[in-house]
Amino acid sequence: MTESEDLAEIRRAVQALCAEFPGEYWREKDRTRDYPGEFVDALTQAGFLAALIPGDYGGSGLKLDAAAVIMEEIQAAGCNGASAHAQMYIMNTLLKYGSEEQKRAYLPGIADGSLRLQAFGVSEPTSGTDTLSLRTVAVRDGDEYVVNGQKIWTSRAEHSDLMLLLARTTPREQVEKKTEGLSIFLVDMRKAVGSGMTIKPIRTMMNHSTTEVFFDDLRIPASSLIGEEGKGFRYILSGMNAERILIAAECIGDAKWFINKASDYAKERKVFGRPIGQNQGVQFPIARCYAQMRAAELMVHHAAQVYDAGGNPGAEANMAKMLASEASWAAADMCVQTFGGFGFAEEYDVERKFREARLYTVAPISTNLILSYLAEHVLGLPRSY
Ligand SMILES: Cc1cc2nc3c(=O)[nH]c(=O)nc-3n(C[C@H](O)[C@H](O)[C@H](O)COP(=O)(O)OP(=O)(O)OC[C@H]3O[C@@H](n4cnc5c(N)ncnc54)[C@H](O)[C@@H]3O)c2cc1C
């Protein structure tokens with residue numbers, strides 16, 4: 001399958017930008033756990049993070065398959081799109097369900113980089129994957145909502161101006177279906193931090209700028225509500241499909257990076273008087289990872305096409321995310337094995353990418369939960385939880 005010239009051009013443009021951010025840049029950020037602000041600014045200035053924003057609001061109005069290509073190329077270049085990827089898929093909820101007034105108020109600023117929408121507050125410490133049991137509440141009080149509760153793993157919260165927040169607006173006991181009673185808010189964090197919102201960083205095995213966020217009588221204007229009160233869960237599901245497809249594309253980029261890195265090294269590294277890549281024991285794992293990555297890549301493109309055609313890509317997005325994250329993790333492991341001892345040395349970037357790639361069979365949704373979705377919703381097996 002040959003790609004359209006438009007997508008090929010996007011690939012070349014992302015590659016050129018990423019070439020300005022080589023391994024040393026990422027190693028330094030990793031060492032100091034600093035946010036790669038310069039990289040995010042460069043992506044924004046080049047318009048890549050506004051790919052999905054329609055032209056009327058200052059973006060380029062591209063489809064999800066183009067956004068997927070952008071994220072894939074970032075990872076394939078050895079960079080880390082986790083610093084900015086949320087902006088692409090969070091925006092989706094605002095685009096689809098926000099009022100015209102909200103879109104006019106926020107999208108142009110997001111497109112030109114004066115506003116960052118990078119924080120997505122869904123996960124909570126006690127509910128885990130069981131999102132419908134979340135405990136953060138938003139209670140209407142006149143022209144405001146009062147928010148109380150706690151989020152965990154809210155990545156990039158310290159580097160974002162806006163947060164998309166999922167909170168309960170009707171107690172679970174008072175709704176007919178458990179998917180009802182949750183609402184989505186676009187919270188202006190610039191006003192909230194210090195006035196009821198507290199952010200605490202969590203140090204993780206890779207540089208991910210993730211945090212805990214505490215809400216203590218935080219007052220937000222009622223106009224922060226997106227769409228109808230109580231329908232928030234339905235709204236974020238559609239955004240989650242976009243999220244899974246984009247993250248799957250990142251995993252494909254990671255897998256390509258590991259495969260290229262391992263192939264190059266196996267051609268050059270000589271042991272017992274010949275390149276290690278001449279041994280089939282070294283070649284075959286690389287070739288197997290390549291085949292695994294290519295198969296997953298087909299599912300990622302297919303899922304993006306179903307999404308772009310207006311279909312419901314629930315099954316495809318989940319399968320793409322599972323297959324791509326498994327392909328990237330297999331390639332990461334293979335790459336370390338190919339490098340031998342040097343796979344553990346910082347200067348080759350393999351160990352850094354290995355740590356970064358580990359995340360994606362767990363987040364934004366773990367493999368077990370994807371298998372459970374397929375078993376129940378696609379294959380009709382009995383519900384297990
Ligand atoms: C670095 C990082 C960044 C993140 N960024 C964000 C973010 O920006 N915003 C946000 O909202 N969240 C974020 N998350 C949260 C992420 O989405 C969750 O960690 C992930 O969905 C898994 O949920 P959990 O950690 O609560 O695991 P749990 O739900 O506690 O599950 C633990 C394990 O048990 C398994 N399990 C649970 N229930 C079942 C079952 N019924 N059947 C079989 N297996 C089961 C799971 O598969 C998993 O392997 C981030 C997480 C990390 C680590």
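**View 1. Helix α4 against helix α9 in the predicted model.** The axes of helix α4 (residues 64-76) and helix α9 (residues 280-308) come within 8 Å and cross at roughly 145 degrees; axes here are lines fitted to C-alpha atoms, for helices over the stretch in contact, and angles run from 0 to 180 degrees between N-to-C directions. Helices (H or I, at least four residues) and strands (E, at least two) are DSSP runs, numbered from the N terminus. On the α4 side the residues are L64, D65 and A68, and these meet V300, H301, A304, Q305, Y307 and D308 of α9, where contact requires that the C-beta atoms of two residues, placed from the backbone, lie within 7 Å. By class, the residues of this contact divide into 5 nonpolar, 2 polar and 2 charged, with Ala, Val, Leu, Ile, Met, Phe, Trp, Tyr, Cys and Pro counted as nonpolar, Asp, Glu, Lys and Arg as charged, and the others, Gly among them, as polar. This is a predicted model, in which local features need pLDDT of at least 70 and side-chain atom pairs count only at pLDDT 80 or more, while totals for chains, interfaces and linings use all residues. Residues are numbered from 1 along each chain as its sequence is written.

**View 2. Domains 2 and 3.** The chain is divided into domain 1 (5-116), domain 2 (119-229) and domain 3 (234-378), with bounds that come from an automatic or database domain assignment. The C-alpha centres of domain 2 and domain 3 lie 31 Å apart, and the contact takes 9 residues from domain 2 and 7 residues from domain 3. The side of domain 2 that touches domain 3 has 6 nonpolar and 3 polar residues, and no charged residues.

**View 3. The shell around the ligand.** The ligand is surrounded by 22 residues, of which the closest are V122, G128, T129, W153 and S366; a residue is near a molecule or strand if its C-beta atom, placed from the backbone, lies within 6 Å of it. Domain 2 and domain 3 both give residues to this shell, so the ligand lies between them. At least two residues of the shell are supplied by each of β1 (117-121) and α12 (367-378), and the largest share, 3 residues, comes from α12. Sorted by class, the shell has 10 nonpolar, 12 polar and no charged residues.

View 4. A residue is buried if 20 or more other C-beta atoms lie within 10 Å of its own, exposed if 12 or fewer, and partly exposed in between, with C-beta atoms placed from the backbone. Strand β1 and strand β4 (residues 162-168) run parallel and are joined by 4 bridges, two strands being taken to pair if DSSP finds at least two bridges between them. The bridge partner of A119 in β4 is M163, while G121 stands opposite L165 of β4.

**View 5. The surroundings of I236.** I236 is found in helix α8 (residues 232-268) and is buried, with 24 other C-beta atoms within 10 Å. Leaving aside its neighbours within four places in sequence, I236 is in contact with T93, V122, L166 and I184. Y89 and I236 are 147 residues apart in sequence, and their C-alpha atoms are 9.9 Å apart in space.

View 6. Most residues other than glycine have a negative phi, and most peptide bonds are trans. R33, which is not a glycine, has a positive phi of about 55 degrees; R33 lies in the loop between α2 (23-32) and α3 (37-45) and is partly exposed, with 13 other C-beta atoms within 10 Å. Phi of W153 is also positive, near 65 degrees, and W153 is placed in the loop between β3 (144-152) and β4, where W153 is buried, with 20 other C-beta atoms within 10 Å. A cis peptide bond, with omega about 0 degrees, joins A363 and P364, and P364 lies in the loop between α11 (350-357) and α12.
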